[in-house]
Amino acid sequence: GDPNKREIDKFSEIVSQINQLEADFEKLSWDELSNKTSEFRLRLAQGETLADLLVEAFATVREASKRTIGLRHYDVQLIGGMTLHHGKIAEMRTGERKTLVATLPLYLHALALNPQWVEKARRAWGENPDTWQFIPLGETSVGRGTHLITVNDYLARRDARWMAPIYSRLGLTLGVLQMAARTENGKKAYLVDLEKESPHEDQHQLRMVSRREAYAADITYGTNSEFGFDYLRDNMTMRMDERVQRGHVFAIIDEVDNV
């Protein structure tokens with residue numbers, strides 16, 4: 001038979017498991033839903049994998065999306081999210097909300113623990129993960145960082161701000177890269193700050209920070225050219241602590257045919 005249909009049939013079984021959780025997740029308080037991120041990270045520290053968490057993590061994102069931006073992930077979007085999680089291309093029609101689809105694997109992979117943070121956590125709180133607090137330790141982020149790569153600055157900031165209420169409610173931070181002309185020749189970038197207001201569209205809900213801080217966020221949105229130039233600049237620095245990127249673990253490429 002059709003290999004694409006086989007893949008979709010396989011993912012559809014997982015979709016059923018996610019759908020079965022929906023009624024239970026609707027009963028969670030805001031605090032209980034927000035605490036899911038720390039719960040998932042604790043389970044990762046105890047030896048579970050992202051694959052083990054996928055069903056519950058996707059259900060968490062869907063419930064947070066319903067409560068914050070009023071959009072519910074449909075089955076086709078859950079299938080798209082699983083496809084991206086597995087590193088494959090998801091071709092979706094106009095109107096199938098690719099931007100919403102990306103929140104699922106971005107959240108899941110943002111949960112993955114930063115090995116440097118784990119070492120510091122062991123020194124701070126001991127070997128038992130039950131005693132850990134899943135908060136940044138100094139400049140060391142809890143997660144390893146995930147990237148959303150898109151085709152232009154407008155889409156990067158629009159999509160980041162649009163999806164930010166979901167991530168924010170689940171305790172994740174969100175960075176946004178913009179072209180060098182906007183960011184002191186590429187030395188600065190932005191964090192999404194939903195309380196910051198500006199009459200200028202390109203500054204609304206965006207707080208300027210160092211480039212390094214934007215990359216230290218749990219999720220960073222930007223264009224392919226900015227990620228690429230930062231990589232090149234990092235390889236020209238004379239000191240390791242002058243680098244802004246902190247590794248390349250997981251990225252989703254929007255409009256992959258154009259990029």
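How much space lies in the second largest pocket? The second largest pocket holds about 550 Å³ of space, where a pocket is found on a 1 Å grid over the protein atoms alone, as an open set of points where a 1.4 Å probe fits, with protein on both sides within 12 Å along at least five of seven lines. The volume is the space filled by probe spheres set on the grid points, which are joined across faces, edges and corners.

The model is predicted, and local features need pLDDT of at least 70, side-chain atom pairs count only at pLDDT 80 or more, and totals for chains, interfaces and linings use all residues. Residues are numbered from 1 along each chain as its sequence is written, and side-chain values use heavy atoms, with hydrogens and water left out.

Helices (H or I, at least four residues) and strands (E, at least two) are DSSP runs, numbered from the N terminus.

Glu255 is found in the segment after strand S6 (250–253), and it has a positive phi of about 50° although it is not a glycine. At 29% relative accessibility, Glu255 counts as partly exposed, given that buried means under 20% relative accessible area, exposed over 50%, and partly exposed in between (1.4 Å probe, protein chains only).

The largest pocket holds about 930 Å³ of space, and among its 39 lining residues, Glu139, Thr140, Ser141, Ala216 and Arg246 lie nearest its centre. Two or more residues of its lining come from each of H3, helix H7 (115–125), helix H9 (211–216) and helix H10 (224–234), and H9 gives the most, with four residues.

By class, the lining of the largest pocket has 14 nonpolar, 16 polar and nine charged residues, while that of the second largest pocket divides into 14 nonpolar, two polar and eight charged. Here Ala, Val, Leu, Ile, Met, Phe, Trp, Tyr, Cys and Pro count as nonpolar, Asp, Glu, Lys and Arg as charged, and the others, Gly among them, as polar.

Helix H3 (residues 36–45) has as its buried residues Lys36, Thr37, Phe40, Arg41, Arg43 and Leu44. Seen down the axis of H3, these residues fall within an arc of 160°, so they line one face of the helix; the arc is that of the directions from the helix axis to the C-beta atoms. An α-helix has 3.6 residues a turn, so residues three or four places apart point the same way.

The cover over the buried residues of H3 includes helix H1 (3–26), helix H2 (30–34), helix H4 (50–68) and helix H6 (98–110). After H3 comes Gly47, whose phi is positive, near 115°.

Ile18 has its place in helix H1 and counts as buried, at 0% relative accessibility. Leaving aside its neighbours within four places in sequence, Ile18 is in contact (heavy atoms within 4.5 Å) with Val55, Phe58, Ala59, Arg62, Leu78 and Met82.

**Salt bridges**

Side chains of opposite charge can pair when their charged atoms come close. The structure holds 27 salt bridges, each being a side-chain nitrogen of Lys or Arg within 4 Å of a carboxyl oxygen of Asp or Glu. The table gives some of them.

| Pair | N to O distance |
|---|---|
| Lys66 and Glu22 | 2.8 Å |
| Arg182 and Asp202 | 2.6 Å |
| Asp193 and Arg207 | 3.5 Å |

Lys66 in helix H4 and Glu22 in helix H1 form a pair that links distant parts of the chain, 44 residues apart, and Glu22 counts as buried at 15% relative accessibility. Arg182 lies in the loop between strand S2 (174–176) and S3, and Asp202 in the loop between S3 and S4, so the pair ties together parts that are 20 residues apart in sequence. Arg182 is partly exposed, at 29% relative accessibility, and Asp202 is partly exposed as well, at 22%.

Asp193, in the loop between S3 and S4, and Arg207, in strand S4, are 14 residues apart. Salt bridges that share partners join Glu22, Glu26, Arg62, Glu63, Lys66, Arg67 and Arg72 into one network.

Technical notes: 1 Å grid on protein atoms, 1.4 Å probe; cavity = no way out; pocket = protein on both sides within 12 Å on 5 of 7 lines; lining within 4 Å.
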